[in-house]
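Visitor: I'm new to this one. Can you walk me through it?
Guide: Happy to. Here it is.

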Amino acid sequence: MLAGEASGDILGAGLIEALQQRFRTVEVVGIAGSRMLALGAESLFPMERLSVMGLVEPLKRLPELLKIRRTLREHFIANPPDVFIGIDSPDFNLGLEEALRSAGIPTVHYVSPSVWAWRRGRIKKIARAVDHMLTLLPFEADFYREHQVPVTFVGHPLADEIPLDVDVAGARRALGLTQQDEVIALLPGSRGGEVRLLGPLFMQAALWCQQRRPGLKFVLPAASPERRDQLEQQLAQTPALQELSLTILDGNSQQALAAADAVLIASGTATLETMLMNKPMVVAYKMAALSYAIFSRMLHTPWVSLPNLLAQKELVPEILQDDATPETLGAALLNYFHDPLLGDQLRREFSEMHQELRRNASDKAADAVCALLSR
């Protein structure tokens, strides 16, 4: 089982637990994060070595990534597992899956690549590499069925984990906030590259909002100690930000989201979490200019955030690349405070989507893996 980043570690841990309920012993070897390690998984390399972003940036680390993949391929062919499960990280996992499947090892890919959105030609490689695809979103399964790739829509573990009614009052008490406070959560991403580009921008947008609505308070959950250090350095480097009413948290992203009235967030898996927490949001993203120039020309969908993709319409603002300025982000955030009905409508739609994704995902994924093994 191979997870390349924190979101994959969450999915992997849920799947390991479900498999442990079905078998007396389950030995998991591959690349794992802290949650999978806590359940007994053995990690042959640190997961952080795979956490790279963009289209150009991974090229700088290509020799190392290729060496890791080659070592894993040789290891698994020499020590064949009953099944190999690649979790997300398609650029790394699909090549490994193709090699292992050619060697007679059954392969499962958990979390569809965004093949329906860009680089659609990858479906041919996926068909060669994957015995069974597990998708988190319903429209993804339809795409694979159209292309005759065996697939199961399992729903999303976060939809199972997050309650339909979030305890806002409890989260605020835990964070030292009152029920009357107006609170915005800032989530600039979990990777160093994301925080480098989005951290200062998000804090400047927060300051812009605070200057126009002085009572606002901000919480920013740091994904790791390294990200906290990075954010604190960014905060210290800009004297104007010293007046910002900001609390940096160690993790606790769900608590920060639960406490918030609105959220400024990097495009990615966390937008789904925010939707499931029923929070109005503004989605932003920046990447290296060359990466964005390539990516934007290959995109086959008008949206990048999961709430909009699920709804197949623009529910939440997406402000990307050069359009993402403190002013544009701040104005979009303050819209939710100026027009409470806007947030109410979003919460109704988010609640309906939450119900659709609530499928006992880890159990469904484990059942699909067991069905493949039985064949």
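Guide: Let's start with a term. On a 1 Å grid over the protein atoms alone, a pocket is an open set of points where a 1.4 Å probe fits, with protein on both sides within 12 Å along at least five of seven lines; lining residues have an atom within 4 Å of a point. Grid points are joined across faces, edges and corners, and a volume is the space filled by probe spheres set on the points.
Visitor: What volume does the second largest pocket have?
Guide: About 540 Å³. One caution: this is a predicted model, where local features need pLDDT of at least 70, side-chain atom pairs count only at pLDDT 80 or more, and totals for chains, interfaces and linings use all residues. Residues are numbered from 1 along each chain as its sequence is written, and side-chain values use heavy atoms, with hydrogens and water left out.
Visitor: How many residues line that pocket?
Guide: The lining has 19 residues. Glu27, Val28, Pro81, Asp82 and Val83 lie nearest the centre. α4 (62-78), β4 and α18 (361-374) each give at least two lining residues. Those labels are DSSP runs numbered from the N terminus: helices are H or I, at least four residues, and strands are E, at least two.
Visitor: What does β4 pair with?
Guide: β4 (residues 84-87) runs parallel to β5, joined by four bridges. Strands count as paired if DSSP finds at least two bridges between them. Phe84 has Thr107 of β5 as its bridge partner.
Visitor: Are the faces of β5 buried or exposed?
Guide: Both faces are covered. Thr107 and His109 on one side, and Val108 and Tyr110 on the other, are all buried. Buried means under 20% relative accessible area, exposed over 50%, partly exposed in between (1.4 Å probe, protein chains only).
Visitor: New topic. What's the strand order in the open sheet of six strands?
Guide: β10-β9-β8-β11-β12-β13, with parallel pairing.
Visitor: Why is one side of β10 and of β13 left without a neighbour?
Guide: β10 (246-250) and β13 (318-320) stand at the edges with a single partner strand each, so one side of each has no neighbour in the sheet.
Visitor: How many bridges join β11 to β12?
Guide: Four, between residues 262-266 and 281-285.
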